[in-house]
Amino acid sequence: MIEFKAITKEYANETALQAINLKIDSRELFVLVGPSGSGKTTLLKTVNRLVVPTKGQVLIDGADVADTDLQTSRQHIGYVLQSSALFPNMTVMQNAAVQLEALGWSKTKIKPRIEHLLQLVDLDPKLYADRKPAELSGGEAQRVGIVRALAADPKLILMDEPFSALDPVSKRQLQNLILKLHQQLDTTILFVTHDMQEALRLADRMAVLHNGQLQQVGASQTILEQPANAFVADFFKEVMATQHTLNQVLAAGFGQPLTQGSSQTIAPSTSIYTWAAILKTDPHLVVQVGTKQLKASDLISYLATLQKEDRQDVE
Amino acid sequence: MLNETIHYAQANSHEILVALGQHIEVAFIATLLTIIIAIPLAVALMNHRQAGEFVLQVASVIQTIPSLAILGLLIPFVGIGTVPAIIALVLYAIMPVFQNTYAGLTNIDPLLIEAADAMGVSRRYKLMRVQIPLAMPMILSGIRIGVVMIIGTATLAALIGGGGLGTYILLGIQSNNNAALLIGALLSAALALIASWLIKLLAHANFKKLFIGVATLVIIGGGAFGIHTLMTPKTETITIAGKMGGEPEILINMYKDLIKADDPHINVTLKRNFGGTSFLFKALKAKQIDIYPEFTGTVLQSLVKTTQPISHDPTQAYHQGETALSQQFNMTLLRPMAYQNGYGMTVTQQTADKYHLKTIADLAKHPEFRAGFDPDFYQQSDGYPGLKQAYGLHFNSVKTMEPSLRYQALAQGDLDVTDAYTTDPQIKKYHLVLLQDSKSFFPPYQGSPLMLTSFAKAHPQVVKSLNRIAGKISTQDMQQLNYQVTVQHQKASVVAKRYLQSHHLL
C-alpha cells in the first residue's frame, strides 16, 4: 500500500503539489490523470524520491521512503519512463538487466529471467535480445522498457506517461499488455497519463489532479457519472459525448414496462458498454432501469439505430 | 625540388627515423598524460557546474599563451629537453579534451540519467556503463583535436632540445633547406592524419577492450623504459650539444672523434640541432650538457657583460670572452679554431672581376651597387651603419631581406652586393667572393668548445684532445665542409671524420 500524507512540493515561484492525501491499495492499477502541469508526474516521482517533497510523507507499506536506503528501495521499484529511455549504448538484454545487475544477480540467472519476460511482452528473445535500441520501433522499445521495470519482480511499478509518444495502434496493444500483465502479476501499478481515454481503459481507480490539487478519487464509472466538480466534468466531457447511456436507450423508445421477476437494477447513467459486459456473462438477463426493463435484443436494436443515423449522416 | 627531397631523405634516413620516433614518443606521452588529467577532472567536476566552467576558463586562457612563451617560462623550473616540451603540450591539449569530455558528460539526455537513478544503480555503474559510454564520441573527438594539436605543436620541442620532426623544420628555415623543411612538415602532417584516423577507428571499438589496450600499452611502454634505464651501463658519458644547423653538427662530430681517438672508453653522446644560443647556454649551466661549440663574437655580444668596448682583434676578443666567462660563469672557453664565421660582404665573381674588387674599401667607389641586407645587419651598429663610418660606404639602393634569400638574389643578378656569414656554403655554391675586411671592422666570430671550468678540471684529457683543432680549419675549409653537409647532404659524421683524417688530426 502506498500512502501520500499531505504532500506539498514548492518550487522557487510555483507550488506544484498542494497537500495531497491519497491511498493506493496493494495490487491496484491506479491512474493519476490530469492535464499537463497538473502535478501528476511530480507526485509519482515522490514515490522513488526523484522528487523530494517540501512537506509531507510517502509511505510504502507503512515505511517512510525518506527513511529507507534510497538505492535499495529504488532497486525494488519498477520504473517506466516516457519514450522508453533505453540506454542507446546497450543491447536489449543489457538494458533490461540493469536493475538485476545493480541487485547483484549472476549472468546465468539474468539471461533466462529476461528471456522469459521478453516472451511475456511478445518479443522473441532470439530476435530481440542482441538488438540496440536504435533498431527498435517505438512500441518495441517501450515493451523493453516494461521488461526492464518487471525484471526484479517488483511489488510496485511506476509508469510516467509511458505510451504518450506512441501511435494509436501500438498504444492500444500496450494498454492491453499492461492489463494482461496486471492480471497475471502480483503488482501494484501507479500509472500517470494526461489521456482520459487511457485512464478510463486502465484504471481500477483513478485520481484526477489539476493545478497541484486533488480533484476527485474513484473508479472510472463513478467519476464519469458523478464528477465532483466542474473541472472534472469538463475534463471528461469529450469522453461523455461518445458515451451512450441507458437513458439514451430509453429515450430512443426502447424498453418494456416492468414485469414481475426482472432481476437486476442498474442506474440510467450506466454506459451501454457496461451493460454489454453484463450481458456477456448472462445473455438472458433482463435489467431494470427506472420504471422500464431492457433485454439483450433492445441493445442490438439500439445499436442498429445508431447505424441508421450514421447512414443518414452519409446521405 | 622533389628529387632533392628524396635524396635528402635517403641520405638522412636514419636520423629522420630517430626524429620521427622522438616525435611519436613525445606526442604519445603528452597524449596519455592529457587523458589521465583531463578526463578524471571532467568526471569530478561534471556535477559542479561552476567549478567546471572555471576550469574551462583557465584552460582557455592557457591556450591563448603562445607556445613558445610557455616553453620559455618552463625552462627555469624544469630545464630543457623533452620534459618541458611534454608539459607545454599537455597544458595545451587539456583544453579540448576537458571541454569535450565535460560537454559530453553534461549533455547526456536527462531522461537517461533519470532512468539510471530510478533503477537504483551505483554511482560507479552509472558513470562507467552509462555516462562515459554515452559521452565517448565527444570524448574521442576531444582527444582527436588534442592529439592533432600535440603533434603539430611538438615541432616546437626542437627549439628547446626536445628533438622530433621540428628539428628538420627549423633546420630547413634557418639554412634555407627546403628538402629538410618539407620532410619535417610532411611527416608531422602525416603523423597527425594517421593519429586522427586511428582514434576515429577507436570510436567503433569496444570500450572495455580499449581500456585494456591502453593499459597494456602503458605497462609495456613503462616496462621497456625501465629495462632500458637499468640496462644502460652507468659509465661516464660526456654530452656534447650543438646549435641548429650543419656547421655545429660537423663540429660536435669532430669533438667526439677527437675525444674518442684519445680515449676509446669514454662514452660520448651527441645532441645535434639542440636549439638556440640561450637554450644551450642554460643547459650548460644546469649541467644537462657538458660541451658545446660557441663563437667568441656571440660570447661577447650576448652572453657576458663587458665594460670595455669589444675588441676587433681576434686574439684579444678571445681573451676578453674567455676571462669574462671564467669570472662571471665559471666556464672555460678553449682556444678557437682558425675560421671566422662572422659577417662579411660578398659579391659575385663576375662583379669582383669587372670592378677589381678585393676589399670592402673597394666598394666605396660604387654607390650605384644595389645592396640587399639581413634586417639585423641593416640596423645593428656592428653592421651596415658601422660599416658606413668605418669604410665611408654609401649605397643608393638598400633593400632588407630574409638572409636565406639574399645569396640567390645576388646570383640571379637582382643584387650587386650583400652581407654574408663567412662560412655559409652558399658562397661556395654560387661561387661568390668574400671581400676582405682590411680594417678589421667586423667583430671576430671564432668557434671554440665551451664547458664549465669544473668539467675542464676534471677532464684534462678531454681538454687536451679538443685543443688539437685549436687554430685549425680555415674559413674556406669550413665553407667546403658546410657545402658537403647542407648542399650535398652528406652525413656530418662522415664529413667530420674525413676532414680530421686527411689533415692528420686523428
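A:Asn48 is buried, with a relative accessible area of 2%, where buried means under 20% relative accessible area, exposed over 50% and partly exposed in between (1.4 Å probe, protein chains only). The structure is a predicted model, in which local features need pLDDT of at least 70 and side-chain atom pairs count only at pLDDT 80 or more, while totals for chains, interfaces and linings use all residues. Residues are numbered from 1 along each chain as its sequence is written, chains are lettered from A and ligands numbered from 1 in the order in which they are written, and side-chain values use heavy atoms, with hydrogens and water left out.

**Around A:Asn48**
- A:Asn48 sits in the loop between α1 (40-45) and β4 (55-60) of chain A; helices (H or I, at least four residues) and strands (E, at least two) are DSSP runs, numbered from the N terminus.
- Leaving aside residues up to four places away in sequence, A:Asn48 touches A:Leu70, A:Arg74, A:Ile77, A:Tyr79, A:Leu158 and B:Ala118, contact meaning heavy atoms within 4.5 Å.

**Where chain A meets chain B**
- On chain A, 23 residues are in contact with 16 residues of chain B.
- About 1,700 Å² is buried between chain A and chain B, with carbon and sulfur atoms giving 65% of it; buried area is the accessible area (1.4 Å probe) that two parts lose on being put together, summed over both.
- A:Arg74, A:Phe87 and A:Asn89 supply 26% of the area that chain A buries against chain B, more than any other three residues.
- Two salt bridges are counted between chain A and chain B, a salt bridge being a side-chain nitrogen of Lys or Arg within 4 Å of a carboxyl oxygen of Asp or Glu.
- A:Lys45 forms a salt bridge with B:Glu114, and the closest N and O atoms are 3.1 Å apart.
- On the side of chain A that touches chain B, α2 (70-75), β6 (77-80) and α4 (98-102) of chain A each supply at least two residues, and α4(A) gives the most, with four residues.

**Salt bridges within the chains**
- Over all chains, the structure holds 18 salt bridges.
- A:Arg143 and A:Asp122 meet through their side chains in a salt bridge (3.8 Å, N to O).
- Because A:Arg143 lies in helix α7 (residues 138-150) of chain A and A:Asp122 in the loop between α5 (107-120) and α6 (125-128) of chain A, the pair ties together parts that are 21 residues apart in sequence.
- A:Arg143 counts as buried at 12% relative accessibility, whereas A:Asp122 is exposed, with a relative accessible area of 53%.
- In chain B, B:Asp419 forms a salt bridge with B:Arg406, the closest N and O atoms being 2.6 Å apart.
- B:Asp419 lies in strand β8 (residues 417-421) of chain B and B:Arg406 in helix α18 (residues 403-411) of chain B, so this pair ties together parts that are 13 residues apart in sequence.
- Both B:Asp419 and B:Arg406 are buried, and salt bridges that share partners join B:Arg406, B:Asp419 and B:Asp424 into one network.

**Chain B and B:Ser465**
- Chain B has 23 helices and ten strands, and 51% of its 506 residues count as buried.
- B:Ser465 is placed in helix α21 (residues 460-466) of chain B and counts as buried at 1% relative accessibility.
- Leaving aside residues up to four places away in sequence, B:Ser465 touches B:Leu258, B:Ile259 and B:Asp262.
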